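Let's take a walk through this structure together. Keep the view open beside the text and turn it as you read.

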Amino acid sequence: MSAIFNFQSLLTVILLLICTCAYIRAMAPSLIDKNKTGLLGIFWKCARIGERKSPWVACCCVIMAFSILFLQ
């Protein structure tokens, strides 16, 4: 099954995208900051979410990891 049709897999992909974009922006900000609009602007937006809502994103990552490891 593709991640598009499985809701839990879609949430996992979105969380991984947010965490990856925030990490890349922390290490090399020029890669993310040069594309703030358009299709590649999605990565900038995900990085901003990861930076500003980091406690919530971290909590969601822990909950997702728990559900993947112990509930499936």
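A word on confidence comes first: pLDDT is the predictor's confidence in each residue, on a scale from 0 to 100. You'll also meet helices and strands, which are DSSP runs numbered from the N terminus: helices are H or I runs of at least four residues, and strands are E runs of at least two. What you have here is a predicted model, where local features need pLDDT of at least 70 and side-chain atom pairs count only at pLDDT 80 or more, while totals for chains, interfaces and linings use all residues. Residues are numbered from 1 along each chain as its sequence is written, and side-chain values use heavy atoms, with hydrogens and water left out.

So how confident is the predictor? The mean pLDDT of the chain is 88, and 94% of the residues reach 70 or more. Confidence is lowest in helix H2 (residues 29–33), with a mean of 87, and highest in helix H3 (residues 41–52), at 91.

Now for the overall layout. The chain has four helices and zero strands, so from the N terminus on, its elements run α-α-α-α. The C-alpha trace spans about 40 × 25 × 15 Å along its principal axes. Of the 72 residues, 19% count as buried; buried means under 20% relative accessible area, exposed means over 50%, and partly exposed is in between (1.4 Å probe, protein chains only). Take contacts next, meaning heavy atoms within 4.5 Å. Among those with a separation of 6 or more, 54% come from residues 24 or more positions apart.

Start your tour at helix H1 (7–27). Thr12, Leu15, Ile18, Cys21, Ala22 and Arg25 are buried in H1, and what covers them includes H2, H3 and H4.

Gly41, Cys46, Ala47 and Gly50 are its buried residues, and their cover includes H1, H2 and helix H4 (54–70). Arginine 52 also sits in H3, but with 61% relative accessibility arginine 52 counts as exposed. Arginine 52 and alanine 22 are 30 residues apart in sequence, yet 9.7 Å apart in space, C-alpha to C-alpha.

Next, look at the charged side chains. Side chains of opposite charge can pair when their charged atoms come close. The term salt bridge here means a side-chain nitrogen of Lys or Arg within 4 Å of a carboxyl oxygen of Asp or Glu. How many salt bridges does the structure hold? There are three.

Find arginine 25 and follow its partners. Arginine 25 forms a salt bridge with aspartate 33, the closest N and O atoms being 2.8 Å apart. Arginine 25 counts as buried, at 18% relative accessibility, whereas aspartate 33 is partly exposed at 27%. Arginine 25 also meets glutamate 51 in a salt bridge, at 2.7 Å from N to O. This pair links distant parts of the chain, with glutamate 51 in helix H3 and arginine 25 in helix H1, 26 residues apart.

Glutamate 51 is partly exposed, with a relative accessible area of 31%, and its side chain meets that of arginine 48 in another salt bridge (3.6 Å, N to O). Glutamate 51 and arginine 48 are separated by about one helical turn because they're three residues apart in helix H3. Arginine 48 is partly exposed as well, at 23%. Put together, salt bridges that share partners join Arg25, Asp33, Arg48 and Glu51 into one network.
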